[in-house]
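Work through the exercises below with the sequence and the 3D view open. Try each task before reading its solution.

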Amino acid sequence: MASIISTIQSLRGSDILAILLFIFVVRLIKNSRTRVHTTKLPGPPSENFLVGLFPAIAGLDEPLKAFERWAKQYGTVFSFPMGLGRQDVMIWDIKAANHILARDTFVYQQSSFSRVFLDNMFGRGILSVENDEHRRHRKALTPAFSNAAIRGYVNLFNDSAEKLKATWDTILDSGADTIEVQQWMNRLALENLGVAGFSHHFGALSNPDTSIKPEIMEVFESFESPQKSSLLSRAFFFLGPKFPALLKLPTQNTVKMRRIKYSMKGIADDLLEKTKKEMMMDSGEGDEKAGGGDKSIIGLLIKAESSSGSLTLTSEEVLAQNTLFFAGYETTSNTLTWALIELCRHPEVQERLREELNQLGGDPTWEQITLGLPYLDAVTQEVLRMHMPVDNILRETHQDDIIPLSKPIHTSDGSVVSELVVAKGQAIHIPIGFINNSEEIWGPDVKEFKPERWLDRDTSLTGEAKTIQGHHHIMTFSDGPRFCLGRHFALANFKVGSELTATWKG
């Protein structure tokens with residue numbers, strides 16, 4: 001592998017140009033043999049024949065800002081060049097987005113690039129598999145996300161919140177004037193995911209010294225954004241959609257991904273073996289005790305998988321299912337941080353939320369955070385609408401399709417069409433972040449943080465927003481067959497964390 005990397009690094013500019021031209025010619029030949037062609041659409045012009053707009057998009061801290069600008073200029077459906085003759089399609093028409101997501105894993109699937117990336121990061125799990133295999137994985141995971149299971153996780157989240165409160169009190173008692181809250185939101189997210197996912201305590205909340213970190217936390221924080229990564233890493237990322245195998249080479253970022261994967265493997269393997277032994281010991285004591293007392297996601301998964309007498313997921317697949325929850329580490333902590341920022345910006349919202357939460361008289365239960373705290377739910381919805389962890393869904397068509405549109409659009413030659421033809425292999429982006437924050441969909445107050453819009457959805461939401469079929473009319477958790485299975489887990493985690501930030505007073 002090292003020799004391959006050194007060979008690539010030694011390539012001259014003319015060598016790279018020749019490779020890119022070869023890929024372009026292959027793409028032209030392939031496209032010429034395709035009977036069905038994607039509808040020609042208007043869109044931003046290419047800045048470079050070979051690389052298209054890829055460098056411009058990859059160099060932005062917030063690519064969604066560029067998409068928003070293009071959406072205002074070119075409408076609800078447009079194309080943009082990504083180099084080597086590739087034209088991606090951006091769709092934020094609600095009817096079209098609903099159509100695509102309803103056919104997720106079947107007509108529309110992860111790209112080969114995405115699958116290789118996810119397999120490298122997590123192993124072959126629910127995030128990367130498709131069709132019947134996806135259904136099998138999802139069915140296996142369902143018991144770990146039942147209401148009964150999440151009720152138990154809420155107790156774990158409350159325990160973590162109490163530990164964090166005690167640590168914060170210790171920090172202030174030592175004479176500190178301020179607390180770096182985002183660091184502690186990272187730690188809270190990690191500890192909750194470790195305990196609920198693996199019955200494993202990382203010890204992320206017990207030490208007031210933030211310079212002392214669990215090893216896996218240091219690995220997460222060492223990841224570089226595409227804008228800061230090396231030229232070689234960016235070149236691999238650009239060529240990845242055409243040559244996914246490049247992602248298996250030991251670049252700096254792929255080595256870090258493998259460190260995360262294998263640092264969790266020891267924890268998962270230990271728990272897997274422990275749970276199997278408990279099940280063997282308890283097999284003669286009836287179903288009530290079978291599977292031992294472990295109530296973590298992996299423990300419940302193993303118990304459910306073994307109820308018929310044999311595991312239908314391999315140990316590697318079980319590991320993959322649980323490692324993916326650590327993808328929620330940064331997204332959960334960032335969303336909690338945004339909640340805190342919005343509460344600080346809007347003290348009247350924080351005061352109203354605090355009044356509702358203070359009426360509990362104790363830690364919130366699963367039933368309360370689900371149905372009994374309407375303003376907490378409204379704040380949660382508004383944070384997730386404005387600050388979603390993932391702002392774009394990329395899919396690739398695996399067969400020709402015709403996508404219905406909610407209103408007619410103009411093609412690149414000026415024709416008016418009410419449906420979009422997409423050819424097999426077409427890359428399609430659904431900018432869910434823009435859909436959640438579009439003035440055309442939500443109205444003129446879309447940029448305002450207004451939890452009140454969720455208290456009476458029938459009268460407060462626009463007709464266009466109500467057509468969104470995702471969770472409570474937002475796209476944050478996607479929709480269709482890939483509708484986020486762990487959304488209730490994430491919501492419970494977020495709401496308990498929000499309760500901490502809203503009510504704690506140092």
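**Exercise 1. Charges over rings**

Solution. The model is a predicted one.

**Exercise 2. An aromatic cluster**

Find the pair formed by Phe67 and Phe80, classify the pair, and state which parts of the chain the two residues tie together.

Solution. Step 1: the structure contains 11 aromatic pairs. In the pair of Phe67 and Phe80, the ring centres are 5.6 Å apart and the planes make an angle of 50°. Planes under 30 degrees apart count as stacked and those over 60 as edge-to-face, so an angle in the remaining range is called tilted. The pair Phe67 and Phe80 is therefore tilted.

Step 1: Phe67 belongs to helix H4 (residues 63–74) and Phe80 to strand E1 (residues 77–83), so the pair links parts that are 13 residues apart in sequence.

Step 2: check the burial of both residues. Phe67 has 8% relative accessibility and counts as buried; Phe80, at 0%, is buried as well.

Step 3: turn to Trp70 and Phe78, whose rings are 6.5 Å apart, centre to centre, with 80° between the planes. This pair is edge-to-face. Trp70 is buried at 9% relative accessible area, and Phe78 is buried at 0%.

Step 4: One aromatic cluster is made up of Phe67, Trp70, Tyr74, Phe78 and Phe80.

**Exercise 3. Helix H16 and its contacts**

Describe how H16 is placed against H15 and against H18.

Solution. Step 1: the axes of H15 and H16 come within 5 Å and cross at roughly 110°. The contact brings Leu343, Cys344 and Arg345 of H15 against Pro347, Val349, Gln350 and Leu353 of H16. Sorted by class, this contact has five nonpolar residues, one polar and one charged.

Step 1: helix H16 (residues 347–358) and helix H18 (residues 374–386) have axes that come within 8 Å and cross at roughly 140°. Angles over 145 degrees would count as roughly antiparallel, so H16 and H18 are oblique to each other. From H16, the residues in contact are Val349, Arg352, Leu353, Glu356 and Leu357; from H18, they are Pro374, Tyr375, Leu376 and Val379. Here the classes are seven nonpolar, no polar and two charged residues.

**Exercise 4. Two residues and their surroundings**

Is Glu342 buried or exposed, and is Ser128 buried or exposed?

Solution. Step 1: Glu342 is part of helix H15 (residues 328–345). Its relative accessible area is 2%, so Glu342 is buried. Leaving aside residues up to four places away in sequence, Glu342 touches Met386, His387 and Phe449.

Step 1: Ser128 sits in the loop between helix H6 (112–122) and helix H7 (131–141). With 2% relative accessibility, Ser128 counts as buried. Again leaving aside residues up to four places away in sequence, Ser128 touches Arg115, Leu118, Asp119, Gly123 and Arg482.

Key:
Residues are numbered from 1 along each chain as its sequence is written. This is a predicted model: local features need pLDDT of at least 70, side-chain atom pairs count only at pLDDT 80 or more; totals for chains, interfaces and linings use all residues. Side-chain values use heavy atoms; hydrogens and water are left out. Axes are lines fitted to C-alpha atoms, for helices over the stretch in contact, and angles run from 0 to 180 degrees between N-to-C directions. Helices (H or I, at least four residues) and strands (E, at least two) are DSSP runs, numbered from the N terminus. Angles under 35 degrees count as roughly parallel, over 145 as roughly antiparallel, 65 to 115 as roughly perpendicular and the rest as oblique. Contact means heavy atoms within 4.5 Å. Ala, Val, Leu, Ile, Met, Phe, Trp, Tyr, Cys and Pro count as nonpolar, Asp, Glu, Lys and Arg as charged, and the others, Gly among them, as polar. Rings of Phe, Tyr and Trp (its six-membered ring) pair if their centres lie within 6.5 Å; planes under 30 degrees apart count as stacked, over 60 as edge-to-face and the rest as tilted. Buried means under 20% relative accessible area, exposed over 50%, partly exposed in between (1.4 Å probe, protein chains only).
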